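I opened the notebook to go through this model one site at a time. Brief entries follow.

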Amino acid sequence: KKYGMVVTKALILVGGFGTRLRPLTLTTPKPCVPFCNKELVIHQIEALRDVGVTTVVLAVNYRPDEMAKALAPWEDKLGVKILYSHEKEPLGTAGPLALARDILIEPYDEPFFVLNSDVTSTFPLADLVAFHKGHGKEGTIMVTTVSEPSKYGVVVYEEETGKINRFVEKPQVYVGNKINAGIYIFNKSILDRIPLRPTSIENEIFPAMCAEGNLFCMELSGFWMDVGQPKDYLGGLCKYLAHVEQVRPQELATGPHIKGPVIIDPTAKIGEGCEIGPYVAVGPNVVIEDGVRLRRTTVLSGVHIQKNSWIDSSIIGWDSVIGKWVRMEGVSVLGRDVTIGDEIYVNGALILDHKSIKETISEPKIVM
């Protein structure tokens, strides 16, 4: 309202199986995987709520009922209506907008947000609304700076106005270092461009909008990360906690055993002589015994870590048990209810649910 433009609806592209984040997504839909002690998608819904969004549509083609059950308590907490648009077949990145057309279309004169569900960011959505209103065209996408643009699709645009000229997929010659950040705002007229079939917004819809001068971009201020795979999930954890340390330090843990930024659920129990941090998230009902060292790690709910274990750059799944004097590193990811025996070394392993590990894993591998 502050910008003379109201935006009350948003669609989040949730998609499918979350294969890149396995084994965590074998038992939990990807948007419900905890990130810094809150479901990943809740960070996005909170940011949307803060700019006046009252209805969020999750475009889902995998386990919508499970997702609805997990997220139901948040509707009242946040005062946001969460609706589910169920794709019977994967519809790409534009098809879901067509499927949810009846929900998104009203009121026709206000735009709506679209977000990719894997993204963590400062979510400067109020600035995006103001910029979109300023140029008055059909769509605005946020772009972010990357150090290796050759791995991505690069957005080439006019610096002064933000008007996008073209997209270059994985350029071998330098054309720019700004990429699509997966955060958009569109006028409702975009829905008339999208057929109800599998459609790519990046390859089919954006080029047509570009050609008409209808697509602009705004550079995202602050941090950004696609957290859809373990290495980047941990990178996003670091960026998110560093941001919280700057803007909401009261949310972080403090104490003699804490080397911040660290977030710890109040129900977690931590023993003597530990060193927790930097960049650690400890979930509900976790027990950490004496002398444990954690760094750049997420510990999900119900985990028990026994004495003198050392864990770096890892994700410990729900209800797992880590024995005494364990050393774990190298982006190891444990699924649900995994047991690691005493004095075991684990390096870069992806360990599926309910496994019991009794021997050292010195090289990265998947333990089925």
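The model is predicted, so I read local features only at pLDDT of at least 70.

**Entry: Ser309**

I began with Ser309, in the loop between strand S21 (304–305) and strand S22 (310–312). Which backbone atoms does the side chain of Ser309 reach? I found the backbone nitrogen of Trp325 at 3.4 Å. The backbone nitrogen of Val326 is reached at 2.9 Å. Both distances fall within the 3.5 Å cut-off.

Is Ser309 buried or exposed? I read a relative accessible area of 0%. Ser309 counts as buried because that value is under 20%. Leaving aside neighbours within four places in sequence, I listed its contacts, among them Gly291, Val292, Arg293 and Ile322.

**Entry: Gln44 and H1**

Next I looked up Gln44, in helix H1 (residues 40–50). Gln44 has a relative accessible area of 0%, so I logged it as buried. Its side chain reaches the backbone oxygen of Val119 at 3.1 Å. Beyond four places in sequence, Gln44 is in contact with residues including Leu115, Asn116, Ser117, Asp118 and Val119. Ile12 and Phe123 are also among the contacts of Gln44.

How many residues of H1 are buried? I noted nine of eleven, and H1 is mostly covered. The buried ones include His43 and Glu46. Just after H1, I found Gly52 with a positive phi of about 100°.

**Entry: rings**

I then went through the aromatic pairs and got seven. I picked out Tyr184 and Phe206, an edge-to-face pair at 5.5 Å centre to centre, with 85° between the planes. This pair links distant parts of the chain: Tyr184 is in strand S11 (residues 178–186), Phe206 is in helix H6 (residues 201–211), and they are 22 residues apart. Both Tyr184 and Phe206 are buried.

Lys77 lies over the face of Trp74, at 4.1 Å from the ring centre. The charged end of Arg327 sits over the ring of Trp310, 3.9 Å from its centre.

**Entry: largest pocket**

I read a volume of about 1,200 Å³ for the largest pocket. Of its 46 lining residues, Asn116, Tyr152, Asn180, Trp224 and Asp226 are the closest to the centre. Which element gives the most to the lining? I found S11, with five residues. Among the elements that each supply at least two are strand S1 (9–15), H6 and helix H7 (230–247).

**Entry: backbone**

I looked for cis peptide bonds. One joins Arg22 and Pro23, with omega about 10°. Pro23 lies in the loop between S1 and strand S2 (34–35). Another joins Gly277 and Pro278, with omega about 0°. Pro278 is in the loop between strand S16 (275–276) and strand S17 (280–282).

Last, I looked up positive phi in residues other than glycine. Asp319 has a phi of about 60°. I placed Asp319 in the loop between strand S23 (314–316) and strand S24 (321–322). Its relative accessible area is 40%, so I logged Asp319 as partly exposed. Asp337 has a phi near 55°. Asp337 is in the loop between strand S26 (332–334) and strand S27 (339–340). At 34% relative accessible area, Asp337 is partly exposed.

Methods
Residues numbered from 1 in each chain as written. Predicted model: local features only at pLDDT ≥ 70, side-chain atom pairs only at ≥ 80, totals over all residues. Heavy atoms only, no water. Helix = DSSP H or I, 4+ residues; strand = E, 2+ residues; numbered from the N terminus. Buried < 20%, exposed > 50% of the residue type's maximum accessible area, 1.4 Å probe, protein only. Polar contact = N/O pair within 3.5 Å; in protein donor to acceptor, adjacent residues only side chain to side chain. Contact = heavy atoms within 4.5 Å. Phe/Tyr/Trp six-rings, centres within 6.5 Å; stacked < 30°, edge-to-face > 60°. Lys NZ or Arg CZ within 6 Å of the ring centre and 35° of its normal. 1 Å grid on protein atoms, 1.4 Å probe; cavity = no way out; pocket = protein on both sides within 12 Å on 5 of 7 lines; lining within 4 Å. Points joined across faces, edges and corners; volume = space filled by probe spheres on them.
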